[in-house]
Amino acid sequence: MANSIFGENYGLKQKADQDFQDMKFQLHRHLIAEIERENVDLFILSRDRLSEYVHNKIREYISEKRLPVSGYELQTLSGQIVDELAGYGPLESLINDDHVDDILVNGPRQIFIERNGKLEGTNYRFIDDDHVLRVIRRILAPLGRRIDESSPMVDARLPDGSRVNAIIPPLALDGPCISIRKFRKEPLLAADLLKLGSFDDAMLAFLTAAVQQRCNIIITGGTGSGKTTLLNVLSRFIPQDERVVTIEDAAELQLKHEHVVRLETRPHNIDGVGEITARDLVRNTLRMRPDRIVLGEVRGNEVMDVLQAMNTGHDGCMTTLHANNCTDAMLRLEMLAGLANFQGSEKTLRQMIAAAIELVVHISRLPNGQRKVVSITEIAGVRDGQFVMSELYAYDVAGKQFVRANVQSVNYKLQAITAGGQ
Ligand SMILES: Nc1ncnc2c1ncn2[C@@H]1O[C@H](COP(=O)(O)OP(=O)(O)OP(=O)(O)O)[C@@H](O)[C@H]1O
Ligand SMILES: [Mg+2]
């Protein structure tokens, strides 16, 4: 795929580049005006027909305005403009770049990417708000979804599975925003995370045993800290002969099991009906004879159904939760249960949570972009109305190493796990 004119290959430093940029902006605007005037439907044109149309229009414009453009430049320009019109515009080459993990568009003038764990700005630009909107609509069109003032935010997915969120004015004050979490064709596996230093051998062995022996595990962390990736890694330790049901808002997990049923929630349609929530799916899953339930994220009133499932024989469940640390995770579970209309006392709720969840694995994104499992904590029960938590492994930031925070507890827990649970 050709690089966009707004991209790095055409840096703004040299005048020739600047002229080329200006000309392309000019041509792009002219083409959009022509397309609107002639009412051309870009969605139904084949790429070849569109190339022909763009090429002819540019040639006419160049000769009319007597612009100094060589045959080669004409070819390059029309190729790039076709990319802009037909594909995802300036995002096209970023989407196709396997080294880019996240793409973040803050209005037409700012496009950031995450590469190697680090967020960086780019020279890529949209022309104006309308250009961003056109790209958003192009993403949504095949899904039969829409975005407009009355429904100004939407979650969607690209054909390759990448997760997309778009939010537009009046909610987004500085122009339409797009956030894309790229889908890795080759997911990060345990060996990759080990190499990247996200955990050490001892932690990996512990987590493997915990999954195989059906501990209920909750993975916590901030946005983009690597929760889903770690959930995928851990889910792959589930023995192959077990029946796994996964529930996600947007299918990101890539399990290698023969016996796996993948479920996805559904937002309501244009008329505001037809929504299927994670809670609906968890309830349905319980009737599907699952050996394991893997829930992409707990963030709503499905929390009660998940806790109940974990407490009633469906052990070995795994999920993730947005939280800043293990203590915060417990608070958030309580808060979610409250919002889900839990009627019992705080003490009962804590007992229920402590009985359901055995391990909290907290992953964090360090300032240098590295992801570290900074804590593996056992929830041992409730004493005097408070959770009894025992940190088994931790990451010592100053010493830059993983430590067994509590050797005795680790040995005890490992024994309990290998003996087939507590
Ligand atoms: N251990 C890791 N080391 C390096 N990069 C990682 C690691 N885990 C995940 N990543 C990368 O970080 C990005 C975010 O990962 P992931 O989707 O797992 O995070 P998340 O916590 O689930 O995010 P969100 O809160 O948005 O759901 C991805 O691009 C992924 O490839
Ligand atoms: Mg996630």
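**Helix packing and nonpolar cores**

Author: Helix α9 (residues 278-285) packs with helix α10 (residues 302-311) at an angle of about 25°, their axes 8 Å apart. This is a predicted model, where local features need pLDDT of at least 70 and side-chain atom pairs pLDDT 80 or more, while totals for chains, interfaces and linings use all residues. Residues are numbered from 1 along each chain, and side-chain values use heavy atoms, without hydrogens or water.

Reader: Why is α9 called roughly parallel to α10?

Author: Angles run from 0 to 180 degrees between N-to-C directions. Under 35 degrees counts as roughly parallel, over 145 as roughly antiparallel, 65 to 115 as roughly perpendicular, and the rest as oblique. The angle here is about 25°, so α9 is roughly parallel to α10.

Reader: What makes the contact between α9 and α10?

Author: A278, R279, V282 and R283 of α9 meet E302, M304, D305 and V306 of α10. Contact means heavy atoms within 4.5 Å. Four of the contact residues are nonpolar, none polar and four charged. Asp, Glu, Lys and Arg count as charged.

Reader: What makes a nonpolar core?

Author: Buried Ala, Val, Leu, Ile, Met, Phe, Trp, Tyr and Cys residues, joined through side-chain atoms within 4.5 Å. Buried means under 20% relative accessible area (1.4 Å probe, protein chains only). The largest such core has 38 residues. I217, L230, L234 and I376 have the most contacts inside it.

Reader: Which helix gives the most to this core?

Author: α7, with seven residues.

Reader: Which residues does I217 contact?

Author: Leaving aside neighbours within four places in sequence, I217 contacts A210, V211, L234, C317, M318, T319, L359 and V361.

How values were computed: Chains lettered and ligands numbered in written order. Helix = DSSP H or I, 4+ residues; strand = E, 2+ residues; numbered from the N terminus. Buried < 20%, exposed > 50% of the residue type's maximum accessible area, 1.4 Å probe, protein only.
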